[in-house]
Amino acid sequence: MLTRMTGILLAAGLSTRMGSLKALLKWHGLPLINYQIESLLNAGLTNVIVVLGHEAPTIARHIDYAQTTIVLNPSYTEGKFTSIQIGLENTPTDSQAVAFLGVDQPRPSDTIRTLITEHSASDALVTVPYQGGHRGHPIIIHRRLFNDILSLPKTTGNLRDVLDDNEEKILRVPFSSDHVHLDLNRPEDYNTASLKV
């Protein structure tokens, strides 16, 4: 069983396609950043690292949780992978795994809790939700893969490469709902999804 797992919430992007800060979109009555932090904590994660970049001071003003650490990514314009690496670099040494989630991928706490439970009961290096023949999010990664991720080039690295290299150690947790693929990239994504909540 895992004794400690850290959430890494990626919220450094430019929100170019959305046209406004994704982190501050309303979701279930909360700014999306707060909804995501609370979902991760309520699911049983020990702590959450929030990686910020674009408009960091504006977003940071909305974050006030004792179990949350804000980390700034100075290279956020170079892509999401830089935030993944920054998150790992700041993960406590006693965390045995991390759960990666984008701020624009809202997930209820029970979905995250199911993944944590399944991962903790297995010897998998990676645990993902699975629906419709595709991997979803969040992605849980064991500490044994941290160095593999950190050793990839900052600007050209891709988390998918590490997942593909460890295909036989991925635990796929089946979900009947496609909410594990929800990604709020554009206003129409947000408007459509908002009608369902």
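Predicted model: local features only at pLDDT ≥ 70, side-chain atom pairs only at ≥ 80, totals over all residues.
Q: Start with the largest nonpolar core. How many residues, and which have the most contacts inside it?
A: It has 36 residues, and Leu9, Ile33 and Val50 have the most contacts inside it. A nonpolar core here is a set of buried Ala, Val, Leu, Ile, Met, Phe, Trp, Tyr and Cys residues joined through side-chain atoms within 4.5 Å. Buried means under 20% relative accessible area, exposed over 50%, and partly exposed in between (1.4 Å probe, protein chains only).

Q: Which elements give two or more residues to this core?
A: Strand 1, helix 1 (32–42), strand 4, helix 2 (56–60), strand 6, helix 4 (109–120) and helix 7. Helix 1 gives the largest share, six residues. Helices (H or I, at least four residues) and strands (E, at least two) are DSSP runs, numbered from the N terminus.

Q: What does Leu9 touch?
A: Among others, Leu9 touches Ile33, Ile37, Leu40, Val50 and Leu101, not counting residues up to four places away in sequence. Contact means heavy atoms within 4.5 Å.

Q: Which residues are in the second core?
A: That separate core of 24 residues includes Phe81, Ile84, Val126 and Leu145.

Q: Helix 3 next. Why is it called largely enclosed?
A: Eight of the ten residues of helix 3 (residues 80–89) are buried, so the rest of the structure largely encloses it. Phe81 and Ile84 are among the buried ones.

Q: What covers them?
A: The cover includes strand 1 (5–11), strand 4 (47–52), strand 5 (68–72), strand 6 (97–102), helix 5 (146–150) and helix 6 (159–165).

Q: Phe146, buried or exposed?
A: Buried, at a relative accessible area of 5%. Phe146 sits in helix 5 and touches Leu88, Thr91, Ala97, Val98 and Ile141, leaving aside residues up to four places away in sequence.

Q: How many aromatic pairs?
A: One. The ring centres of Trp27 and Tyr190 are 6.4 Å apart and the planes are at 40 degrees, so the pair is tilted. The rule is ring centres of Phe, Tyr and Trp (its six-membered ring) within 6.5 Å, with planes under 30 degrees apart stacked, over 60 edge-to-face and the rest tilted.

Q: Where do the two residues lie?
A: Trp27 is in strand 2 (residues 26–27) and Tyr190 in helix 7, so the pair ties together parts 163 residues apart in sequence. Both Trp27 and Tyr190 are buried.

Q: How many salt bridges?
A: Eight, each a side-chain nitrogen of Lys or Arg within 4 Å of a carboxyl oxygen of Asp or Glu. One of them joins Asp94 and Arg4 (2.9 Å, N to O). Asp94 lies in the loop between helix 3 and strand 6 and Arg4 in the segment before strand 1, so that pair ties together parts 90 residues apart in sequence.

Q: What about Asp189?
A: The side chains of Asp189 and Arg186 meet in a salt bridge (3.1 Å, N to O). Asp189 is buried, with a relative accessible area of 16%, whereas Arg186 is partly exposed at 38%.

Q: Which residues form a network of salt bridges?
A: Arg135, Asp164, Glu167 and Arg172, joined through shared partners. Within the Arg172 and Glu167 bridge, the closest N and O atoms are 2.2 Å apart.

Definitions and conventions
Residues numbered from 1 in each chain as written. Heavy atoms only, no water.
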